Amino acid sequence: MNAISVVTTEKWIDIGETSDVPRRGARCVKKGDTTIAVFRTQDDNFFALEDKCPHKNGPLSNGIVHDGCVTCPLHNWVISLKTGSAQGADEGETKTFPVKVEGERLLIDLEDLF
Amino acid sequence: MSKQKLVIIGNGMAPGRMLEHLFEQSPDAFDVTIFNAEPRVNYDRIMLSPVLSGEKSFEEIIIHGDGWYIKHGIMLYKGHKIVDISREAKTVTSDQGVTESYDKLVIATGSNPFIIPMPGHDMAGVLSYRDLDDVTAMMLAAQSRQKAVVIGGGLLGLEAAAGLQARGMEVTVVHLMPTLMERQLDPSAGYLLQEELESRGINVKTGANSKRIVGDKKVEGLELENGEIIDCSLIVMAVGIRPNIGLAQEADLKVERGIIVDQAMRTIDPDILSLGECTQIDGQVYGLVAPLYEMARVAAHTLGGDDSHSFVHQDTATKLKVTGVDLFSVGDFAEGDDRDEIVLRDANAGIYKRIILKDDKIIGTVLYGETSDGAWLNDLKKKGTDVSEMRDTLIFGQAYQGGAAMDPMAAVAALPDDAEICGCNGICKSKIVGTINDMGLTSLDEVRAHTKASASCGTCTGLVEQLMTLTLGDSFDPNAVQSMCPCTDLGHGDVRRLIKAKELKTIPAVMQELEWKTSCGCAKCRPALNYYLVADWPDVYADDYQSRYINERVHANIQKDGTYSVVPRMWGGMTSSKELRAIADVVDKFEIPSVKVTGGQRIDMLGIKKEDLPAVWADLGQAGFVSGQAYAKGLRTVKTCVGTNWCRFGTQDSTGLGIKLEKFMWGSWTPAKLKLAVSGCPRNCAEATCKDIGIICVDSGFEIHFAGAAGLDIKGTEVLGSVPTENEALEHVVALAQMYREQGFYLERIYKWAARIGLDEIRKQIMEDHDRRKDYFDRFVFSQKFAQVDPWSERVSGKDKHEFNPMATLDLEAAE
């Protein structure tokens with residue numbers, strides 16, 4: 001019993017406050033060589049994606065956030081924040097990670113990274 | 001399965017079309033590398049004539065922009081000519097020493113213009129008419145407003161002649177044969193065409209054989225066989241093309257007139273294909289676009305592993321792209337005993353129509369002066385329809401078949417499903433209608449993108465628009481404005497007008513009042529709205545940081561690896577040992593990998609990590625530098641020469657004026673980037689005549705220029721006017737910039753804005769209407785109060801700190 005509860009609570013890592021991430025913007029979380037971009041939409045939903053466009057690895061955290069998508073700063077690919085997949089005629093996918101809000105705190109689950 | 005390597009030699013329309021087919025059929029089959037001897041992307045060669053005549057710009061005829069190559073992961077070597085193919089090693093090598101290996105090779109080297117080897121053919125002033133470089137050279141030569149001779153009265157030669165005349169030259173066409181365009185027109189139509197051209201002031205000499213070019217190093221005239229000498233400073237030879245087969249020959253491929261291929265476009269080496277004008281198939285070589293596109297279709301299938309498609313020859317209809325001359329011809333129009341013909345002539349109206357019949361079927365058509373039935377007659381010819389029933393009225397056209405005359409819409413409606421609408425691309429009516437319905441297309445651009453109809457020479461645009469009206473009903477208006485983006489139906493002009501009229505002062509207010517269709521816009525409209533609001537309400541609008549493109553958010557230029565480049569201002573291009581030392585120290589301290597001198601007379605430090613930017617700026621700021629705004633849709637550089645300070649030819653202090661302008665205008669946002677230059681004399685060392693705004697100093701004062709371009713388009717500036725003093729020069733330049741700031745569409749460079757508004761209108765408002773100019777000037781000065789804040793020092797002091805630092809750095813064991 002105990003062991004299970006430890007695992008379920010510990011998979012969520014506290015990365016900061018919700019107010020750290022600007023609306024229609026993003027912040028980065030670094031882990032080793034990997035950068036994860038944490039996005040906040042206009043209506044205060046949070047999403048986490050690897051900070052790499054499936055096209056040419058552009059840093060998505062630097063893009064413009066609109067509705068549920070981000071436009072990559074390098075060549076304007078539009079990536080869905082929810083699914084990580086490229087929209088429109090382009091094809092490709094960026095890895096997504098679960099995020100949740102507890103009170104003012106923002107937690108991320110990076111188990112998929114390993 | 002790993003991708004195969006496809007190398008293409010040549011980057012013309014045929015291989016471009018082949019790749020479109022290939023990416024559609026098997027998108028992941030190949031890694032593609034292209035070598036292009038021309039230093040540019042794929043453009044529509046058929047449309048060079050409208051570029052020459054000034055009806056279109058180069059930008060408008062680009063088929064595949066740089067983005068297309070990036071999107072498809074294509075390595076494009078611009079300006080690389082392949083000099084060797086090694087079939088054993090399966091490699092190609094360029095004249096610049098690049099060697100690439102291939103699994104499949106496509107040779108698409110096109111053709112070379114034929115230069116008549118008469119005495120003097122290698123003199124300066126002798127040009128061919130083949131690519132953009134030729135057009136640029138002709139446009140330059142035309143600036144002299146002198147005399148030109150075009151040798152060759154075929155399609156290309158006549159288009160060149162009309163273009164040069166439109167540019168202000170006095171033109172003579174010298175043609176060997178007795179009538180013009182004898183391969184496409186019968187003698188009667190050729191005669192009418194000659195009359196038309198002569199009435200427009202183009203001299204035509206038919207049956208004239210050129211003997212030699214007169215001149216000493218430079219062209220001075222052309223001597224004909226009969227001894228006549230025509231004075232001219234420019235000779236354009238448009239007498240035919242020769243397939244470019246040298247490379248294939250050296251690689252021991254089989255060649256005759258062209259590179260010989262089988263029905264699936266393969267040469268004798270199954271891993272090497274050939275297509276385009278360099279190719280010979282069934283004993284024929286081709287120069288018109290429709291058969292080349294047919295080759296492209298077949299080649300794409302062959303590369304995709306399906307060699308069951310084979311090339312089918314079809315007659316191509318010819319049209320002359322000279323505004324106001326309507327002619328159409330297709331098929332065989334020679335006279336013969338087994339042939340019958342129907343002719344209609346109307347001398348007063350300048351109309352000539354001839355239909356050639358054999359066994360009651362149409363085999364050829366020549367129309368002059370009135371060509372609207374061309375598509376219909378071509379369709380009857382293609383299908384081999386027996387026309388004996390309608391013979392009596394055939395020559396009057398489709399409208400007279402079965403009673404009352406039809407209006408154009410009804411005529412289009414009556415066309416059969418398989419009637420060809422776009423001859424260049426072989427697109428029939430049902431394909432266009434079907435695609436509009438299936439994909440829900442609503443604009444001409446969309447129809448062009450998805451069907452290719454009207455995407456080459458554009459002469460069928462009217463027909464395509466009629467088809468769209470027929471399919472979409474009244475909801476399609478061919479004259480409608482392009483919407484800003486999919487979030488709204490309004491165009492940029494409407495949005496700018498409504499922002500002022502309704503006094504909208506925030507992005508949410510604009511979106512609400514103008515009924516945006518998305519909740520918070522997109523990456524296209526938000527930066528545009530942000531600019532319009534900054535420009536219109538400088539004192540009250542709070543700049544929306546998240547609606548700015550990343551470069552304007554972090555005040556540096558993003559590079560392909562996600563690092564940034566930093567360019568400090570060097571006022572008027574002047575610097576000092578102290579500044580250079582400070583830059584050297586920053587480069588060492590932050591281990592900046594590249595330092596480059598820019599075209600705008602300053603220094604670019606490339607490869608800086610985003611996290612390091614504030615510290616780099618802090619050090620640069622200590623040395624007195626501010627942001628060069630090399631990333632901004634705003635004032636960039638003011639390039640200068642040394643003027644009266646040093647130069648023995650200088651007439652004014654051009655450096656001083658450049659620095660004054662830059663200090664006055666820095667920080668201002670504009671619709672698109674704004675680059676200035678000041679030259680101290682008409683020798684123009686600061687290259688002011690290709691800038692957005694340029695000043696040429698003269699003894700009597702300052703000549704103000706604007707609307708130049710030296711990017712995708714090359715365009716000399718227009719003269720705004722002359723003023724006697726430095727202060728007036730500054731006032732006029734600033735007023736012009738403000739007028740552009742208030743009226744330009746986002747990302748619209750000043751030369752495009754000027755073309756839209758009209759040069760005379762701009763001159764009137766800035767040079768003649770003194771009150772208006774003063775108002776523009778005052779509004780600019782007012783907005784500068786809020787704009788002239790150095791973004792670097794703001795960020796060194798902690799502004800937008802979140803942008804540069806990660807919110808968390810996790811150690812690697814955190815999750816265990």
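Biologist: Why does B:D359 count as exposed?

Modeller: This is a predicted model, by the way. B:D359 has 11 C-beta neighbours inside 10 Å. The cut-off for exposed is 12 or fewer, so with 11 neighbours B:D359 counts as exposed.

Biologist: Where is B:D359 found?

Modeller: B:D359 sits in the loop between strand 27 (351–358) and strand 28 (361–368) of chain B. Its backbone has a positive phi of about 50 degrees, although B:D359 is not a glycine.

Biologist: What about A:N57, and why does it count as partly exposed?

Modeller: A:N57 has 16 C-beta neighbours inside 10 Å. Exposed needs 12 or fewer and buried needs 20 or more, so 16 falls in between and A:N57 counts as partly exposed. A:N57 is in a loop too, the one between strand 4 (46–50) and strand 5 (64–66) of chain A. A:N57 is not a glycine, yet has a positive phi of about 60 degrees.

Biologist: And what makes B:V214 count as partly exposed?

Modeller: B:V214 has 17 C-beta neighbours inside 10 Å. You'll find B:V214 in strand 15 (residues 210–216) of chain B.

Biologist: Which residues does B:V214 touch, not counting residues up to four places away in sequence?

Modeller: Leaving those out, B:V214 touches B:G120, B:E220, B:G221, B:L222, B:E223 and B:I229. As for B:I230, its C-alpha is 9.2 Å from that of B:V214, and the two are 16 residues apart in sequence.

Biologist: Let's go to the interface. How many residues of chain B are in contact with chain A?

Modeller: 24 residues of chain B are in contact with 33 residues of chain A. On the chain B side, helix 3 (66–71) and strand 42 (808–810) are the elements that give two or more residues. By type, that side divides into 13 nonpolar, eight polar and three charged residues.

Biologist: How do you know that strand 2 of chain A and strand 42 of chain B pair?

Modeller: The two strands share three bridges, in the parallel sense. Pairing takes at least two bridges, so three bridges make strand 2 (residues 25–31) of chain A and strand 42 of chain B a pair. Among the residues involved, A:V29 has B:A808 as its bridge partner.

Biologist: Which residues have the most contacts inside the largest nonpolar core?

Modeller: Those are A:A37, A:V38 and A:I79, in a core of 75 residues. Helix 16 (residues 525–536) of chain B gives the largest share of this core, eight residues. Domain 3 (492–548) and domain 4 (551–626) of chain B each supply at least three residues. Another core, of 67 residues, lies apart from it, and B:L6, B:V7, B:L19 and B:A108 are among its members.

Biologist: What does A:V38 touch, not counting residues up to four places away in sequence?

Modeller: A:V38 touches A:I15, A:V21, A:A26, A:R27, A:V29, A:F46, A:A48 and A:V99, plus B:M807 from the other chain.

Biologist: What is the order of the open sheet of five strands in chain B?

Modeller: The order is 35-36-37-38-41, with mixed pairing. Strand 35 (635–640) and strand 41 (718–723) are the edge strands. Strand 35 and strand 36 (residues 674–679) pair in the parallel sense over four bridges, and B:T640 stands opposite B:V678. Direction ignored, neighbouring strands of this sheet are turned by 15 degrees against each other on average.

Biologist: Which strands does helix 21 of chain B lie across?

Modeller: Helix 21 (residues 654–665) lies across strand 35, strand 36 and strand 37 (693–698) of chain B, at about 170 degrees to strand 35.

Methods: Residues numbered from 1 in each chain as written. Chains lettered and ligands numbered in written order. Predicted model: local features only at pLDDT ≥ 70, side-chain atom pairs only at ≥ 80, totals over all residues. Contact = placed C-beta atoms within 7 Å. Nonpolar A, V, L, I, M, F, W, Y, C, P; charged D, E, K, R; others polar. Core = buried A, V, L, I, M, F, W, Y, C linked by C-beta atoms within 7 Å. Domains from an automatic or database assignment. Axes fitted to C-alpha atoms, helices over the stretch in contact; angles between N-to-C directions.
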